[in-house]
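Here are my notes for your read-through, as numbered points. Keep the viewer open while you go.

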Amino acid sequence: MIDVANMTSPEIRAAIEKGTTTAVYSVGSNEQHGPVLGVRTDTVLGDVLALRVAEKLGKAHKYPTVNVGCSEHHMKFPGTLTLRKETLQNVLKDITRSLARHGYKRIIVLPSHGGNFGPIEEVSSELKEMNPGVEIITYTDLTGFVAYLTKTSEKFGISPEDSGAHAGESEVSMMLYANPAGVRTEKIPEAKGYLGAFDDAATEKIFREGIGGLSPIGVLGDPAEASKEHGEAYIEAIATAIVEYIKAQ
Ligand SMILES: [Zn+2]
C-alpha cells in the first residue's frame, strides 16, 4: 500500500522495516477558486499528486496533504483560510520531524498551491538541519510548476493564458479528473478570468494586491475547454517532472 490513510500503524512499521523509507506529502490550501471549483481544490490535487509521485518512485508512502496554507492573497473571498507564514513553516517542521522519527530516510515536500512555494523554500534549509541523516527534498520552483502545465496545454491547443495559474483550464481539468462531483460545470461560461501573462510582474501584483487585482472573480485563465482527459495528462506531466527532479537530487 502507498497511501497511509487506510493503513494501520503495525503495517506502516513493517513496511518501513522492509525498505519503504520514502515519505511524500503535499502542502495545499483551503481558498477561493472562482465560481467553478470548491475551496478544497489545492488539497484534493495535492493528494492526487503526492500519490502519483509516491507510486512512480516506488518504496514510498503518501502522507496526508496539509490542508490550509498561505493564502493571504485570496482573503478578499469568503471560504479562504490562511496561515501566517511562520505557522505553516512550524507545521512543516513538526510533520517532517515526525516522519524522520519513524525511520523515513527521504522526505519529499510538495507544494500544490502557489502561495506555499516561497514559505517552503525559505524553511527548506532548516528542515534539512533539523533532520541530519535524512534526505529532505522540497520542490519550490513555481514558474517551473506552471511551465509543466502550459507545456502540456500546448499539446491540446490551449494557450498558456487560458490554461491559467488559478482555477483556469488546467486546474478545472485536473478537478474534472480528480473530483468531478465538486466541479460546477454549469458555471464554466461565467468563469473567464485574467488572461494576461503569468510573469514575474503578475505574481508580484497578486502577492501585493491580492488576486482580485488581476481578476474580480479570482480566476487566472479560462476553463472553457477543460476536460477530464486534459486533467489526467496535466497530473501525469507534473508528477513525471517532479519525479525526475527528485531523482536528480
Ligand atoms: Zn488551486
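1. Start with the metal. The zinc ion takes its protein donors from His 33 (NE2), Asp 42 (OD) and Glu 171 (OE), at 1.9 to 2.1 Å. Donors here are N, O and S atoms within 2.8 Å of the metal (3.2 Å for Na, K and Ca), and since water is not among the atoms, sites may look incomplete. Along the chain the spacing of the donor residues reads H-x8-D-x128-E. His 33 sits in the loop between strand S1 (22-27) and helix H2 (41-57), while Glu 171 belongs to helix H7 (residues 169-178), so this pair, 138 residues apart, links distant parts of the chain. Helices (H or I, at least four residues) and strands (E, at least two) are DSSP runs, numbered from the N terminus.

2. A word on what you're looking at. This is a predicted model, in which local features need pLDDT of at least 70 and side-chain atom pairs count only at pLDDT 80 or more, while totals for chains, interfaces and linings use all residues. Residues are numbered from 1 along each chain as its sequence is written, and side-chain values use heavy atoms, with hydrogens and water left out.

3. Buried means under 20% relative accessible area, exposed over 50%, and partly exposed in between (1.4 Å probe, protein chains only).

4. Next, S1. Six of its six residues are buried. Thr 22, Val 24 and Ser 26 point one way from the strand, Ala 23, Tyr 25 and Val 27 point the other way, and all are buried.

5. Who pairs with S1? One partner is strand S2 (residues 60-62), parallel to S1 over three bridges; two strands count as paired if DSSP finds at least two bridges between them. Within S2, Ala 60 is the bridge partner of Thr 22. Getting from S1 to S2 takes the chain through H2, and this β-α-β crossover is right-handed. The rule for that: with the strands pointing away from the viewer, the path from the first strand over the helix to the second runs clockwise.

6. S1 also runs parallel to strand S3 (residues 106-111), joined to it by six bridges. Ser 26 has Leu 110 as its bridge partner in S3, and Tyr 25 stands opposite Val 109.

7. S3 is mostly covered too, with six of its six residues buried. Arg 106, Ile 108 and Leu 110 point one way; Ile 107, Val 109 and Pro 111 point the other. S3 and S4 run parallel and are joined by four bridges, with Ile 107 opposite Ile 136 in S4. The chain passes from S3 through H4 to S4, another crossover that is right-handed.

8. Have a look at Asn 131, in the loop between H4 and strand S4 (135-138). Asn 131 has a relative accessible area of 1%, so it counts as buried. Its side chain makes a polar contact of 3.3 Å with that of Arg 97, and also reaches the backbone oxygen of Leu 127 at 2.8 Å. (A polar contact is a pair of N or O atoms within 3.5 Å; within protein, one must be able to donate a hydrogen and the other to accept it, and residues adjacent in sequence count only if both atoms are side-chain atoms.) Leaving aside residues up to four places away in sequence, Asn 131 touches Thr 96, Arg 97, Ala 100 and Ile 136, where contact means heavy atoms within 4.5 Å.

9. Last, the aromatics. How many aromatic pairs are there in the whole structure? A search finds six. Among them, Phe 117 and Phe 145 have ring centres 5.6 Å apart and planes at 70°, so that pair is edge-to-face. Rings of Phe, Tyr and Trp (its six-membered ring) pair if their centres lie within 6.5 Å; planes under 30 degrees apart count as stacked, over 60 as edge-to-face and the rest as tilted. Phe 117 lies in helix H4 (residues 114-130) and Phe 145 in helix H5 (residues 142-155), 28 residues apart. Both Phe 117 and Phe 145 are buried. One aromatic cluster is formed by Phe 117, Tyr 139, Phe 145, Tyr 148 and Tyr 245.
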